Amino acid sequence: MVGLLVRLKLRLLRNALKSSRQARVSFILSTVVAGIVAIGVFASLAALRDQDAAVELTTVTFTTFAFGWLILPLLVFGLDGTLDPSTLALYPLRTRPLAIGLIAASASGAWPLANVLGLLGVLIGLARGGLGLLFAVVAVVLQVLFCIVLARFVTTSLAGLLRSRRGKDLAALLILPIFALYEAFVQVVPRMTAEGKLTAKSFGGIDAWMRWTPPGLAAHAIHDASTGHPLTGLLRLLLLAAIIVLLGALWIRELAHALVTVDTTTQAASVNSTALPFANRGLVGTIAARSWVYQRREPGAKIFWGLIVIIVVASSASTLRTPAYMGGLIGAAGFAAAFIGIFNGDAIGQAGPAFGFDAVALHGRKPLRAYFAGMNVAMALIAVPLFAVLLFVMAAVAKHPSAGFLALAVNLAGIGAGMALGDIFSVILPYPVEKRPGSPTPKAVEGYRLQVLGATFGSLIGTAILAAPVIVAVVLTGHVSAVVRMPALLIAGAAYGLVLATIGVRLAARLAEDRIPELTEIALRSKL
């Protein structure tokens, strides 16, 4: 059974590589990245030799790999058929041999090998003596085995959920914490390290409790064996092995249940018969209501709003506790608003073939103005309260809560500019999109790279230019009383943003009036 499932996985991999050029390129890139990760982790762990906090940093590294094995299988659940137990439900296979075969299949491939080779850096960085080297090899094997069993247990337990729409939304939203960790790593960690606030000793408190986690048991077993406490190290390895056996037993139980349970994720759901909100407000209200529903249900939209918050916070966090806090808040307000134009800069292409039905009713400038205005209303209903809360929280962190009003004034003007530019670019630089395997958000079809770059940089630069009058007003009115200044700037910013959005709607409708056939053709090329 073990050899059969391993050969089956390798055969599926070979067939996938033969299916398309994209699959081959993805496999090559994935293998190269796995090799780079293995080399980098091995070098990092080897560099810990003779350092006081070597065991603490090794524990953190082992734990990071465990979290990677926990999260990444959820992201690729729909791509890797070996993760879904329902694919084997029709075969007369006994559960225990099947489980062992699935573990062996999971251990075959570039990334499991990269894990083993990278973590073997502890042979140089942490292990001492022959007994320490032996414990290190066993600990690394048990660590990787724990990661594999953990990933299998989680994916099998959540298989039914992950096949549903809500499960796919959950898997897509896991991108947000991963991106947040990445932003924290590239923005916060280098700064704290340069300031001397983050050193190897900083992990000492974490290790006090992390040493009792499975990755911590593996790391400390090596340390114990290398420092003359082999019995303690052996007990740690036995405890880790017991945890793996217990987790494996729970996984086998879930696997046996999944193989004989009917999948109900594809059954018809109840239909909500309530009327759409705003639908009684004419065509503008109907378009706004539909766009509002899409914003709430589409995983790509949720990812977009989450990424805006993460990027804005990460890019401005370093200035909030400095005298330049106002510049950070204004930059955050403008940057967040510019993303509105980027997100909405291909509204017609992202609508896909469904735009063909809309085009039937969009004859003349008035229906087109209603179309763009409705999408802007739905966008503003999310952007305005979200950015307002974000800016006031950032102002409170900077210990200048009143500055949130000034940043909000800039943001309201920027939102209007971003929506106007998004409407215009949707007409003059449209491009079809497609959803590709492994990506929760649609990407531009090959051959439309210039349109994407034009809309992206046009929105960034255009929003900055159009919001500049309000930014100048904020800077030049510093001597005015706050009682007068803040309400006046808020009203002026909101009114200015509304004027920009209205101009954008009218200009986009005028440009689109004679381009409906071309826009419809672009939309029909989208594959969603």
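Modeller: Let us begin with T63, which, apart from neighbours within four places in sequence, is in contact (heavy atoms within 4.5 Å) with M210, T213 and P215. This is a predicted model, in which local features need pLDDT of at least 70 and side-chain atom pairs count only at pLDDT 80 or more, while totals for chains, interfaces and linings use all residues. Residues are numbered from 1 along each chain as its sequence is written, and side-chain values use heavy atoms, with hydrogens and water left out.

Colleague: Where is the place of T63? And is T63 buried or exposed?

Modeller: T63 is in helix α3; helices are DSSP runs of H or I with at least four residues, strands are runs of E with at least two, and both are numbered from the N terminus. T63 has a relative accessible area of 12%, so it counts as buried (under 20% relative accessible area, with exposed over 50% and partly exposed in between, using a 1.4 Å probe and protein chains only).

Colleague: What separates the C-alpha atoms of T63 and P215?

Modeller: They are 5.4 Å apart, although T63 and P215 are 152 residues apart along the chain.

Colleague: Changing topic, how many salt bridges does a search of the whole structure find?

Modeller: The search finds five, a salt bridge being a side-chain nitrogen of Lys or Arg within 4 Å of a carboxyl oxygen of Asp or Glu. Among them is the pair R236 and D224, with 2.6 Å from N to O.

Colleague: Are R236 and D224 buried or exposed?

Modeller: Both R236 and D224 are buried.

Colleague: Which residue forms a salt bridge with R128, and where do the partners lie?

Modeller: The partner of R128 is D50, and their closest N and O atoms are 3.6 Å apart. R128 sits in the loop between α6 (122-125) and α7 (129-157), whereas D50 sits in the loop between α2 (21-46) and α3 (54-75); the pair is 78 residues apart and links distant parts of the chain. R128 is partly exposed at 26% relative accessible area, and D50 is exposed at 64%.

Colleague: What about R525 and E521?

Modeller: Their side chains also meet in a salt bridge, at 2.8 Å from N to O. R525 and E521 both belong to helix α23 (residues 516-525), four residues apart, or about one turn of the helix. R525 is partly exposed at 39% relative accessibility, and E521 is partly exposed at 43%.

Colleague: Now to helix packing. At what angle do α21 and α22 pack?

Modeller: Helix α21 (residues 449-476) and helix α22 (residues 482-513) pack at about 175°, with their axes 11 Å apart. The axes are lines fitted to C-alpha atoms over the stretch in contact, and angles run from 0 to 180 degrees between N-to-C directions. The two helices are therefore roughly antiparallel, a term for angles over 145 degrees.

Colleague: Which residues make that contact?

Modeller: From α21 they are L466, P469, V470, A473 and V474, and from α22 they are R485, L489, G493, Y496 and L500. These residues divide into eight nonpolar, one polar and one charged.

Colleague: Finally, how many helices and strands does the chain have?

Modeller: The chain has 23 helices and two strands. Of its 528 residues, 43% count as buried.

Methods:
Parallel < 35°, antiparallel > 145°, perpendicular 65-115°, else oblique. Nonpolar A, V, L, I, M, F, W, Y, C, P; charged D, E, K, R; others polar.
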